[in-house]
Amino acid sequence: MRGRLVVGNWKMNGGLAPNTALLGALSAGWQGGAGRRLGVCVPLPYLAQARDALAGSEITWGAQDVSAHGSGAYTGEVSAAMLAEFGCAFALTGHSERRQLHGETNAQVAAKAAAALDVGVIAIVCIGETLAEREAGQTETVIGDQFDVVAAALGPRLARVVMAYEPVWAIGTGRTASPEQAQTVHAFLRQRLASVGAADVTLLYGGSVKAANAAALFAMPDVDGGLIGGASLDANEFLAIARA
Ligand code: PGA
């Protein structure tokens, strides 16, 4: 369902004490309302802490990855049902760091998204091109391929995902896509979504979003919000982005 959404991706950052301060500040500072939603995707050991700290607030929490498998001999993996038990609203799937550092394929990303959706956890499906791909004029081909594999695997469930366009060259680099660059890809994705009956999917932009550039990005007609890495570790900055 399309709506305004900002999600923080803490990546492998945090600790019990700093988390308490960050989650407390978010919980105290966020009013929500007006159809605006806010969430944080924390490292797995901190899920219970996030759940407890955010209980009674308007902020949701989630994980940064999920297993494609239901249960069994998958050492180190965490199932979607386990995430659901901890109240996760979201699981990121296919973040570019997972694709690049762990060799995750489009098919694996699709299987993980399906596993999450099947237990009621919203998959935030991340897609994006590298700088080399963009400079070679392959942005739409790469994004289209990533999209098509997920769309084919999910079928009608696609309407329940959140999708995040995260150009790899903009992640953690301080080099944000311009609002126009983001809008061009989002419009392309919106068209693809519409062609399979899922035009109402919430589309986030991610990659070096800051309080200073969030409003211009979020003003684009097909940008519904953001997936925020580094800036989500600072409560004031993250709340300012969410209010944009
Ligand atoms: P960044 O990361 O905001 O630090 O660029 C975004 C992401 O990886 O989701």
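**A walk around the ligand and the pockets**

Start by selecting the ligand: of the 13 residues around it, Lys-11, His-95, Glu-166, Gly-172 and Ser-208 come nearest (near means a heavy atom within 4 Å). Keep in mind that this is a predicted model, where local features need pLDDT of at least 70, side-chain atom pairs count only at pLDDT 80 or more, and totals for chains, interfaces and linings use all residues. Residues are numbered from 1 along each chain as its sequence is written, and side-chain values use heavy atoms, with hydrogens and water left out.

Next, show the polar contacts (pairs of N or O atoms within 3.5 Å). A ligand oxygen lies 2.6 Å from a side-chain N or O atom of His-95. For the side chain of Glu-166, the distance from a ligand oxygen to an N or O atom is 2.7 Å. Now pick Gly-230: one of its polar backbone atoms is 2.8 Å from an oxygen of the ligand. Taken alone, the ligand exposes 280 Å², and the protein buries 96% of that (Shrake-Rupley method, 1.4 Å probe).

Last stop: the largest pocket, about 680 Å³ in volume. Its lining has 27 residues, with Gln-64, Asp-65, Arg-98, His-102 and Glu-104 nearest the centre. Colour helix H4 (96-102) and helix H5 (106-118), the elements that each give two or more residues to that lining.

Methods
A polar contact is a pair of N or O atoms within 3.5 Å; within protein, one must be able to donate a hydrogen and the other to accept it, and residues adjacent in sequence count only if both atoms are side-chain atoms. On a 1 Å grid over the protein atoms alone, a cavity is a set of points where a 1.4 Å probe fits but cannot get out, and a pocket is an open set with protein on both sides within 12 Å along at least five of seven lines; lining residues have an atom within 4 Å of a point. Grid points are joined across faces, edges and corners, and a volume is the space filled by probe spheres set on the points. Helices (H or I, at least four residues) and strands (E, at least two) are DSSP runs, numbered from the N terminus.
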